[in-house]
Amino acid sequence: MQASSDLNNQNISSYGSPTRTFYESFEQVDLESGVRLGPLTVAYETYGQLSPGKDNVVLILHALSGDAHAAGMTENGRVGWWDGMIGPGKGVDTNKYFVICSNCLGGCKGTTGPPSPNPLTGKPYGRSFPRITIRDMVNVQAMLIERLGISKLHSVVGGSMGGMQALDWATRFPGKVKSAVVIAATARLSPQGIAFNWVGRNAIYSDPISACGTPEVDSDSVRMGRGLAVARMIGHITYLSEEIMERKFGRKLTLKDMDGIRYSLGENEIGSGEFEVESYLEHQGAKFMERFDEDSYIIITKAIDYFDLESQYGDLTRAFSTVESKMLVLSFTSDWLYPTSMSLAIVRALQTLKKNVSFVELDMPFGHDSFLIPAAMPKLTRIMRGFLNGV
Amino acid sequence: MSDNVIEIRTPFHEFEAGFNVIIELITPGTRVLDLGCGTGTLLSRLRDEKDVEGCGVELDQEKVIRCIERGIRVMTLDLDQGLEGFPDLSYEYVVLSRTLQQLMNPEALVKEMLRVGSKSIITFPNFGNWKVMFEYVWSGKTPVSGTHPHPWYNTPDIHRLTINDFRSFVKQIGARIEKEIFILHNQPRTQMFWPNRRAEWGCCLISAY
């Protein structure tokens, strides 16, 4: 890890060449809970060139399972989670903008979180990691931006949990954000959203291996617990839609000779699933086990659950009274996890305050995850390019 | 949803007269809400020519995206759901251009317009035009014309109203007409002999008492 605050000396990665993750270290951060967390490391990536006036910065805010690697390709060939949107000539044009994306506080991809070593014990924090909020995540992002010597952001752009952060940015740092794009987000998580997160966490809690909370389980000798995989599967169902599942999987089976009589009841392990939709979820769960940390999952979903600007400020018009940014709120017709009505609640509050807000509801079948789906990129690209241009 | 959307068929150049009339009515530097703003043509002209701070409302996704691309502030909303969220008197002008005849409940929306804006500008095709009327009576069939270009069984124009209809409607809802402009052969006129029979389009500036 190397702290490097002078951007001009950095070999700034751009699409086409392998991306590089940078790290900034901070002594500490004061959390909303009153706990002081430190030391703190923030992992981030940048794309494009910072303008001499430092006025072309777009901060990208990732969702629950995202990380700092938003665009381009790593040396190992891993493509960024929003590569379709960020790059030269793309919706967030790196020929024009200097794009920053950092891993959120509590994450497991380089920024301090449950898998990081607790300086007091030398062992990973695990579930002893302090309780964090969306605000804490934003405060850490603000610390990073300040460290990089940037005083004003051209835009903050985030989907889902990232959209919550974008709202918080616009609300608490009005002078620092010229515009904000809030995609498939809400000002308060719905009881349905809380319910699904609860089931996800329960899958982890009830996992016989992870239940003990010891992160040092020898994964070579003991079968890894599958709680996190189950949590991810539940999550994935909520990110899709009935229509797209029908289109993508239908009732197709993975084995040709499978029939309705000789099905498996999980005798041979859990198996890889008989229906294609099962096999897809299984695959998503397994992949997630390799790349995510279950305690991060718990701590971040808790932060999402408790995000509620309405109760925090009394009501949304009070919450947004400080907003000065040009706002764009985006929702998707098929998103039943963060439905349009929730985006509209944000929009109506901003309207009441006569703020500069645009609202686009896109007719897309891909559910909550629409903003990440390649098929959605042509339309999203036009919207992002147009909006960022007009800021 | 958008596959079988009926395009508003009067091309822009044919309705330029209509836009010119609206632009003429608007005081520079004001706030304008354009309901059914399409691709934002009127609002971008108002921005460029009158330094207007505009906002559009449009349901068609492709048109909404065009607005964003042109840097026009826009909302994806269904006008038949009213103008919830728009504060009272938050705009100097609310414009409803060529859309009145397509609404499920014109009365509800026009009342909402009067609530949200100090003044409202409404343009609509005049079904009272003698050629249209003659066609109606002569053939005994619902006419298809330049102002009403779709057959009855597949048209967004679900109301057929005349200039006289509109005048009594405005009185009925307790508002008043401040200005009337009539468009015939793309020529706007403030004075017209027998407008209810001759005008192709009506354009009215109305306000609440």
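This is a predicted model: local features need pLDDT of at least 70, side-chain atom pairs count only at pLDDT 80 or more; totals for chains, interfaces and linings use all residues.
In which loop of chain A does A:Pro39 lie? A:Pro39 is found in the loop between β3 (36-37) and β4 (40-47) of chain A, and the peptide bond that joins A:Gly38 to A:Pro39 is cis, with omega at about -5°.

**Chain A and its domains**
- Chain A holds 11 helices and 12 strands, and 50% of its 391 residues count as buried.
- Among the contacts in chain A with a separation of 6 or more, 70% are made by residues 24 or more positions apart.
- The chain is divided into domain 1, which covers 7-190 + 308-389, and domain 2, which covers 193-299.
- Between these two domains of chain A, 22 residues of domain 1 are in contact with 16 residues of domain 2, and the domain 1 side is made up of 11 nonpolar, 9 polar and 2 charged residues.

**Contact between chains A and B**
- Chain A gives 19 residues to the contact and chain B gives 17 residues.
- On the side of chain A, the elements that contribute two or more residues are α10 (340-352), β12 (357-362) and α11 (377-389), with the largest share, 6 residues, coming from α11(A).
- Sorted by class, the side of chain A that touches chain B has 6 nonpolar, 7 polar and 6 charged residues.

**Nonpolar core**
- The largest nonpolar core has 159 residues, of which A:Ile60, A:Val99, A:Ala166, A:Val182 and B:Val95 touch the most other members.
- Both domain 1 and domain 2 of chain A supply at least three residues each to this core.
- Leaving aside residues up to four places away in sequence, B:Val95 touches B:Ile22, B:Val32, B:Leu33, B:Asp34, B:Leu35, B:Leu42 and B:Ile121.

- A:Ala184, although not a glycine, has a positive phi of about 45°, and its place is in the loop between β10 (179-183) and α3 (191-205) of chain A.
- Because 30 other C-beta atoms lie within 10 Å of its own, where 20 or more are required, A:Ala184 counts as buried.
- B:His185, also a residue other than glycine, has a positive phi near 50° and sits in the loop between β6 (175-184) and β7 (187-189) of chain B.
- B:His185 counts as exposed because it has 6 C-beta neighbours inside 10 Å, where the limit for an exposed residue is 12 or fewer.

Key:
Residues are numbered from 1 along each chain as its sequence is written. Chains are lettered from A and ligands numbered from 1 in the order in which they are written. Helices (H or I, at least four residues) and strands (E, at least two) are DSSP runs, numbered from the N terminus. Two residues are in contact if their C-beta atoms, placed from the backbone, lie within 7 Å. Domain bounds come from an automatic or database domain assignment. Ala, Val, Leu, Ile, Met, Phe, Trp, Tyr, Cys and Pro count as nonpolar, Asp, Glu, Lys and Arg as charged, and the others, Gly among them, as polar. A nonpolar core is a set of buried Ala, Val, Leu, Ile, Met, Phe, Trp, Tyr and Cys residues joined through C-beta atoms within 7 Å.
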